[in-house]
Amino acid sequence: MFNRFALAAAALLALLPAIPAHALDADQLITRHIEARGGAEALRALKSLHRKGHLIIPGANFDISASTLVVRGSGVRAEFAFQGLNFINAFDGKDAWKVDPSEGRKDPERMSADEAKSLLLQSDIDSPLLDYRGKGHSVEYLGLDDVDGTPAHKLRLHLKSGDEVVYYIDPDTFMIIRDVQKQLVRGAEQETETDYGEYEKIGGVFVPMTEDSGPKNSDSSQKQQLVFDTAEVNMAADPAQFAFPVRK
Amino acid sequence: MSGFNRAQGRRIGLPGALAVLAIAAAGSAAADGIDAATISGLGARNIGSAQMSGRIAAIAARQESDGKVTLFVGAASGGVWRSYDGGTTFQPVFDKQPVQSIGAITLDPSTAKTVWVGTGESWTRNSASVGNGIYRSTDSGDTWQNMGLPNSERINAIVIDPKDSNTVYACVPGALWSDSADRGLYKTSDGGKSWSQVLKGTNLSTGCSGLTMDPRNPQRLFAGLWDFRRKGWSFRSGGDGPKATSGSGLFLTEDGGKTWKQLDAKNSAGLPPAPWGRLDVEIAPSSPDIVYAVIEGVKSGLFRSADGGKTWEARDASQRMVWRPFYFSKLIVDPTNAERIFKPNLRLIASEDGGKSFAVISGGTHGDHHDVWVNPKNPKHVITGDDGGLWISHDGGNKWWKANNLPVSQFYHVSVDDKDPYQVYGGLQDNSSWAGDSSYPGGISNSRWENLYGGDGFYTFADPSDSNFAYAEAQGGHIGRIDRRMMLQRDIQPTANYKEKLRWNWNTPIALSPTNRNSLYIGSQFLFLSHDHGQSWARISPDLTTNDPNKQKQEESGGITVDNSSAEMHTTIYSIAESPRDEKQIWVGTDDGNVQLTRDGGTHWSNLTPNIKGLPAASWVSSVTASPSAAGTGYATFDRHTYGDMDPWAYRTTDYGKTWTRIVAPTQGIRGYAHILREDPAAANVLYLGTEFGLWISIDSGASWAAFTGSNFPAVAVRDLAFQQRDGDLVIATHGRGIWIIDDLSALRALTPAVLASEVGFLPSRPAQQRLDGNGGWPEGDASFLGENPAPGAVINYYQKTRHVFGRLKLEILDASGKVIDSLPASKRKGINRVVWSMQASPPRVPTAAQPANAGRQGPRLLPGDYTVRLTKAGKQYEAPLHITLDRRANFNIEDRKLQLAAAMRAHALFGRMTDLADRLAGLKAMGEARQGASGLSKGTQALADKFVTQADVLRKEIVATKEGGAITGEERLREHLDEVYGALISYEGRPGNYQEARVAALERELGELETRTKAFIDKDLPPLNDALKREHQEPIAALAAQQLGSQYAAIEALRHSREADSAVAVATERD
């Protein structure tokens, strides 16, 4: 598996024109990143992405299954399950909701608009960087910054919503290796740092198969880790699963 | 934390032993060394503390339109901290910058997210750090850009034109230790692209000490110039004495700095006569014709002008106003009330009558205040910073709330004991001497630190001969032996002989003997040795310093205002080291440049300084250390910043000081004057260097060095280093960011040329214990620092040449039989990587119920023994053994542990059986329900189906609690009972109680009965139902199918076990 993906990535990178890192501006960097991920066409061709795996919480060996599903134009749904209890976060492009049975209730609850922000971001299956202007975002190149020993390109995306995401892009592969999402929640700034890795090419697009998240500047051992075992693209998906369940 | 019981709360111990398999570790390191990326994956944990916190030099804040307060705090040597919630929580936002000393912070009044920071504090005490210019952030501190003034060294104030954000003034006192033309008042009109020096002094030691702008007219500014200089043995504020000429003065410009008028006693009636020392000036924002100035002079005091500076009136000149002017010289006028003035001083004092009278308002604060912010939208809201941290008042400055969340503590030295877990000892600038835990269940809270002594703190040690006692000292060599049982202090400082003066450094060295647990050294100009805990002392040296009388005039020190606090005491012993290889070999370094060695326990001494080639004369010996690996090998660091030389200097000798080699220099990429260099006690090629700008590590005996930046370790002064040799930890004393610990140096010690050349390979870890960790701590709110514990598990170390981006990086654990028992997400960074394995079995399969089974979330910890770690990368596999032992503190043995695990696994298996039964019943019920709804079903068949469904549900409800609704139902069934006893079994790893094993057996019996009843139910009720269904052309219910497919949670279960080879739900018995 690894060799195939590694070769594919290497071959892809070999085709790209060599541009000195210091000469990149924000748009060039985004172009290189989009090409490295598989190209704009391949990204736009994605209809859905369904990843399944497990969630690891630091300091615990809970057995938590995880799946994330994003369907273009329909929404996003993340599920986490253990002991047969299913935790759901979902967004249909308009409303976000959740199911949290940890204290004994399984009925869906609506999320606030602030809580929904990260789901809104995830629902952009292309990547918010692709056609960012058309989406109402703007970008700012912030130079190189260290990510655990890698001098990564730092790119700040000002979202249309007013929030922002800072991306850290590997200077060799042009893949995103970290982002920091900054969101205003109840008027207070919240920052979440996520490291991305183990990219695999699925449906013509490189997809991260690990996502480690925690507070900004937290050590990797302190982050909760999503490890995906499988990824599937463009499969049929019922749009109803994203909508707030109607009580029957 | 609700629903989180003791089993979940357990944190599991220390890392494990990994022998190197993939790469043989041998020999010395590569000559071409390492870089920061290679070593920083070691990580480091900050254990604080914020209990004592540290000196705050600058505060800036703003109440936002939504009522929240944005607060920036500049630590004297610990960076910039930002709070968006008025101080409840802070983020360090300056950690990636090359300096950490802060002198000024100013928020742009017209551009909300623009912040300016001047580096290098202006409170010019002996231990003050240095800056490297002025910085600007346009995103509230997320990113910073150095905007110039690189040689300013320290910046006192920044003022921004409220009508033009591009016009900024920087008040630069400048270099403390040397002449410099880079000081005075600077102005930029282009947002920092270029600067012009708009006001300078008449000599090269006069810089800017005060600045204020008329809010009505930004072209009108007052500035104070200050003549000052510090040397290793003296300080002057103003000239060399109360009558000497000084460059200090008060100046006024009406044209934005183009021209200046000096205001003095001759042209501005009421100002005091020259010479002056330090001064500050402040326009009252609410009434700008009122101007205040605090001026150090022969008659220091506060002065007030009511006519914009034309004439002045002397106001308060009390002791609290004029105390130590070089250290306290800031005025803050309430922005809403021109008569309300704050003067930070030894105590914070305030006036409400325009400075006629002042009262102490500092209440329960630490003292030694340096800045104040008054909320212009609520003047009762006042924030101050002092030598002990940050304090917030909501009643106008009468009572204060301490910010216990700023770990900017300024340690001078650190040591450790041999407790398990060990304690850390250290003394801090103006914050006493402390002992704190290196680890504590729930995290190392501020309260886990114990104050041992008083005053300024320096060397602090546990008494190795009696753990009830500790040694600590205050400034000037005031050493005490503390009985920790009662916190009694006994003064054991050696005393002077007839007509003799002992010269004790501010930071007097104390050293324990590494060869004799009863021996203790302390140095004045003489070296003293005690073998009886300070009951008696022997002088074992002559005066080891230069005894230069020109450097012994501290009673004349201070300039205009005498200041002789022992901070300038000179010609003293500053460092002591007995060789671990030879108790008769003692190395001594002095502050005036002598490196001395005795090889006969003090009978004869040799001054080795002439042998150190290339070292300028009289260089302060900041440390001497004796090699733990070779007698005759020693290291010396030299700190020349008191001469204005900020370069690192360190030498090594391997022949008892006959010859020396410089092993630390700026050409190696090292920044900052050197404080300490220590050789790794387990790897002679590995050296650690602390400088004013961070920690540096060499693996090639000093040929090359790399900065350590792991876990965002900042460029903070590293003053001392200690090794906890049993655990292999490096404990780092920073002067500004508290204590940090690098756990387990094994991986670093194993970095060899072969490792560095490889793509990937395992590195060793210290032997892994299954640490027993109880519950501790309690919610303290968000405004409290919590120090980090060591990794809770077995730590696996490996090296990668480059970051892993594409494809799988697989890390697996194999048991002794070679079976894969766990897989871990791999760390992907360049260089050393660390991954923690919990050493636990998979959690049991637990029947679904209304709520989670708390204990059942986790698996029990596996037995100590031999395991294998396997890393798969790019199609290649690498393996290393992992040997795990019991916690060395455990009061049970391996046989007890086996019984415990067996009992836990019996319960674990029972959970699995229970799950199978519950799933089967749920499946039968679901299939029955499907038939209930079939069309055309006869009443008789419907009744059979109804009965079948009801009975299946009745049985299931005997297994699990099913009442939903989010309440405390108190409903307990088999699963809940089992969870209770399972939790007890996995949370204590000694021999289980007989009653616990009996309880499991009882539950097993109850489950067996349920299984029997279920079988009977199926045997009795299913055939007639299926017969009826067949008669009515409905699909019958297959009992086996129900078992495999029937559960409504089958899909989830399948997902849950999808990564495992065996089927998720087809197994009838517990897999484990």
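Guide: Let's start with chain A, which has four helices and 15 strands. Keep in mind that this is a predicted model.

Visitor: How much of chain A counts as buried?
Guide: Of its 248 residues, 44% count as buried. Among contacts in chain A with a separation of 6 or more, 44% come from residues 24 or more positions apart.

Visitor: And what's the mean pLDDT of chain A?
Guide: The mean is 90, and 90% of the residues in chain A reach 70 or more. Over residues 1–21 of chain A, though, the pLDDT is below 50. That stretch still has 27 contacts in the model beyond near neighbours in sequence.

Visitor: How many residues does each chain put into the contact between A and B?
Guide: Chain A gives 50 residues and chain B gives 56. On the side of chain A that touches chain B, the elements giving two or more residues include α1 (2–15), β1 (48–56) and β15 (224–233).

Visitor: Which element gives the most on that side of chain A?
Guide: That's α1(A), with five residues. By class, the side of chain A that touches chain B divides into 17 nonpolar, 21 polar and twelve charged residues.

Visitor: Let's hop over to chain B. Where does Gly965(B) lie?
Guide: Look in the loop between α7 (939–959) and α8 (974–987) of chain B.

Visitor: What is Gly965(B) in contact with?
Guide: Leaving aside neighbours within four places in sequence, Gly965(B) is in contact with Gly104(A) and Arg105(A). As for Trp705(B), it sits 260 residues from Gly965(B) in sequence and 62 Å away in space, C-alpha to C-alpha.

Visitor: You mentioned α7. At what angle do α6 and α7 of chain B pack?
Guide: Helix α6 (residues 894–932) and α7(B) pack at about 155 degrees, with their axes 9 Å apart. That angle is why α6(B) counts as roughly antiparallel to α7(B). The crossing of α6(B) past α7(B) is left-handed.

Visitor: Which residues make that contact?
Guide: From α6(B), they include Met914(B), Leu917(B) and Leu921(B), and from α7(B), Phe948(B), Val949(B) and Ile959(B) are among them. By class, the contact of α6(B) with α7(B) has twelve nonpolar, three polar and six charged residues.

Visitor: New topic: peptide bonds. Which ones are cis?
Guide: One is the bond from Gly48(B) to Ser49(B), with omega near 15 degrees. Ser49(B) is in the loop between β2 (45–48) and β3 (56–63) of chain B. Another cis bond runs from Ala274(B) to Pro275(B), with omega near 0 degrees. Pro275(B) lies in the loop between β19 (261–263) and β20 (276–283) of chain B.

Visitor: What about phi of Met487(B)?
Guide: Phi there is near 60 degrees, a positive value in a residue other than glycine. You'll find Met487(B) in the loop between β39 (478–483) and β40 (488–491) of chain B. Met487(B) is exposed, since it has 11 other C-beta atoms within 10 Å.

Visitor: And Thr571(B), is it buried or exposed?
Guide: Thr571(B) is buried, because it has 25 other C-beta atoms within 10 Å and 20 or more is enough to count as buried. Thr571(B) also has a positive phi, about 55 degrees, although it is not a glycine. Its place is in the loop between β45 (558–559) and β46 (573–579) of chain B.

Technical notes
Residues numbered from 1 in each chain as written. Chains lettered and ligands numbered in written order. Predicted model: local features only at pLDDT ≥ 70, side-chain atom pairs only at ≥ 80, totals over all residues. Contact = placed C-beta atoms within 7 Å. Nonpolar A, V, L, I, M, F, W, Y, C, P; charged D, E, K, R; others polar. Buried ≥ 20, exposed ≤ 12 C-beta atoms within 10 Å, placed from the backbone. Axes fitted to C-alpha atoms, helices over the stretch in contact; angles between N-to-C directions. Parallel < 35°, antiparallel > 145°, perpendicular 65-115°, else oblique. Left-handed = near helix turned anticlockwise from the far one by under 90°. pLDDT = per-residue confidence, 0-100.
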